[in-house]
Amino acid sequence: MEYKYQCDGMITLECQSPVQPIFDKQTASEITALVAKDLNAVLQISSQSALVVCGATYATEQLLQPKFPIQNATEQYASAAFQGQLNTDQVLSIGANDGLMPAGLQPNPSQQNLIHLPFCLFTNDADLATRFEGDLMHKGMLPPPTYELLNGLIDSTINHANYMTYLDLIAMMHNHFEQLGLSHLWELIEAALVNDAPKKALVTQTHNHFYLVDHLLFTPYFSWAQFKQYFAASSTTDYINWLMAQRLSLGAFAVHGLEIKAFKAENWPIDGDKVCLGSFEKQRIKQTFWQHPIEATPEMPNQVIYFEDPQAGVVAVSLPLDDNQCLIYYPITPQGLAAIEQEIASKRGNEYQKNTVEFITNSDWLT
């Protein structure tokens, strides 16, 4: 495919309720014809151009991932379809067969009200590529024919519909995270999206540490004992704030396609100027939880104890051992607690005795 410029855009739909329609080939073709007409009206497309439209809708998080997998898969199908001079200046629609899109283009399940129908415009016209990035969102409110078609196809009322570029969507998400007070998280996500070889470190006020290298996100996990030692924390509230921020941050990173690599913080602090990925890998936590032994205190009951917080839920789980030691488990992912319980059941049987205590009043048992 011999085009100099690839312009990646989408129709963005804000719906009243969560929907995620996938269109068959005939419907995708009808949508594509209207998209081509709309883009030509807004951008005055020259003859040295081609268009491909995906007949499916995607959540923001699936589109905005490192290396833009949906965008790249679309480009690959276009490259195969637009080979040779006879196939230039063409329009391609990609629809579903039995509810399934071609490989690489299947939408992930989502409950978002904001969905996007992506397309790629290929051109040799430099001015067109410039207008695409500069004018599409400002001039691209969906005209009535396209709006009415989509509104009739989607099982929800469309409140707002607009053409926009990938860069427009990135800017919109930047503002969204900023309004939530989470702009520091978006800095890392955006770095992974727009930089060729991203490398960035972030330390938050709640002592969360993140190290981004390409699409890999390294982060240390602290036990309560380590947190007290490393950050001179005397209040369990500080630890809960760290834990809640850690869970929120990793959830945001994961849905945007960053590969989370948690590691044990056995040596601290880390020299920010000499980040050693090899050291992170050696200490990496490969399960959905991590554990470390401590000496059991006389006050601790001889049973499995769940340490809970009203906001954070289960903070840690302790398992007494035979040699006056106690094994402390910390869940890392939402699946971590179930994995911990399976681990304990393999050691104690399914009917093991357990007790639940408040983390804030019994945190000394974890040190």
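Contact here means heavy atoms within 4.5 Å. By that criterion, Leu128 touches Leu43, Ile45, Ser46, Ser49, Leu121 and Thr123, leaving aside residues up to four places away in sequence. The model is predicted. Its secondary structure comes to twelve helices and 15 strands, and 48% of the 367 residues are buried.

**Overall dimensions, surface and charge**

- Taken along the principal axes, the box filled by the C-alpha atoms is roughly 80 × 45 × 35 Å.
- The protein exposes about 18,100 Å², and carbon and sulfur atoms supply 47% of that area.
- Of the contacts between residues at least 6 apart in sequence, 72% join residues at least 24 apart.
- There are 19 positive and 39 negative side chains; the centres of these two sets lie 7 Å apart.

**Helices H1 and H4**

- Helix H1 spans residues 25-43 and helix H4 spans residues 126-139.
- The axes of H1 and H4 come within 10 Å and cross at roughly 105°.
- H1 is therefore roughly perpendicular to H4, because angles of 65 to 115 degrees fall in that class.
- On the H1 side, the residues that meet H4 are Leu39, Val42 and Leu43.
- On the H4 side, Leu128, Arg131, Phe132, Leu136 and Lys139 meet those H1 residues.

**Leu128 in H4**

- Leu128 lies in helix H4 and is one of the residues there that meet H1.
- Leu128 counts as buried because its relative accessibility is 0%, and the buried class takes values under 20%.
- Leu128 and Leu43 are 85 residues apart along the chain, while their C-alpha atoms are separated by 6.9 Å.
- Leu43 is also among the residues that Leu128 touches.

**Backbone geometry**

- The peptide bond from Trp268 to Pro269 is cis, with omega near 5°.
- Pro269 sits in the loop between strand S10 (259-264) and helix H10 (277-282).
- Gln44 has a positive phi of about 50° although it is not a glycine.
- Gln44 is placed in the loop between H1 and strand S2 (49-54).
- Asp98, also a residue other than glycine, has a positive phi, near 55°.
- The loop that holds Asp98 runs between strand S4 (91-94) and strand S5 (114-123).
- Asp98 counts as exposed because its relative accessibility is 76%, and the exposed class takes values over 50%.

**Val91 in S4**

- Val91 is placed in strand S4.
- With a relative accessible area of 49%, Val91 is partly exposed.
- Val91 and Val53 are 38 residues apart in sequence, and their C-alpha atoms are 8.2 Å apart in space.
- Not counting residues up to four places away in sequence, Val91 touches Thr32 and Leu51.

**Two buried glutamines in loops**

- Gln283 is found in the loop between H10 and strand S11 (289-295).
- Its relative accessible area of 13% makes Gln283 buried.
- Gln283 touches Phe263, Lys264, Ala265, Glu266 and Asn267, not counting residues up to four places away in sequence.
- Gln303 is found in the loop between S11 and strand S12 (304-309).
- Gln303 is likewise buried, with a relative accessible area of 17%.
- Leaving aside residues up to four places away in sequence, Gln303 touches Ser318, Pro320, Gln353, Lys354 and Asn355.

**Ala338 in H11**

- Ala338 lies in helix H11, which covers residues 336-348.
- At 43% relative accessibility, Ala338 counts as partly exposed.

Technical notes:
Residues are numbered from 1 along each chain as its sequence is written. This is a predicted model: local features need pLDDT of at least 70, side-chain atom pairs count only at pLDDT 80 or more; totals for chains, interfaces and linings use all residues. Side-chain values use heavy atoms; hydrogens and water are left out. Helices (H or I, at least four residues) and strands (E, at least two) are DSSP runs, numbered from the N terminus. Buried means under 20% relative accessible area, exposed over 50%, partly exposed in between (1.4 Å probe, protein chains only). Accessible areas come from the Shrake-Rupley method with a 1.4 Å probe; for residues, only the protein chains shown count as cover. Lys and Arg count as positive and Asp and Glu as negative; His and the chain ends are not counted. The place of a charge is taken as NZ of Lys, CZ of Arg, CG of Asp or CD of Glu. Axes are lines fitted to C-alpha atoms, for helices over the stretch in contact, and angles run from 0 to 180 degrees between N-to-C directions. Angles under 35 degrees count as roughly parallel, over 145 as roughly antiparallel, 65 to 115 as roughly perpendicular and the rest as oblique.
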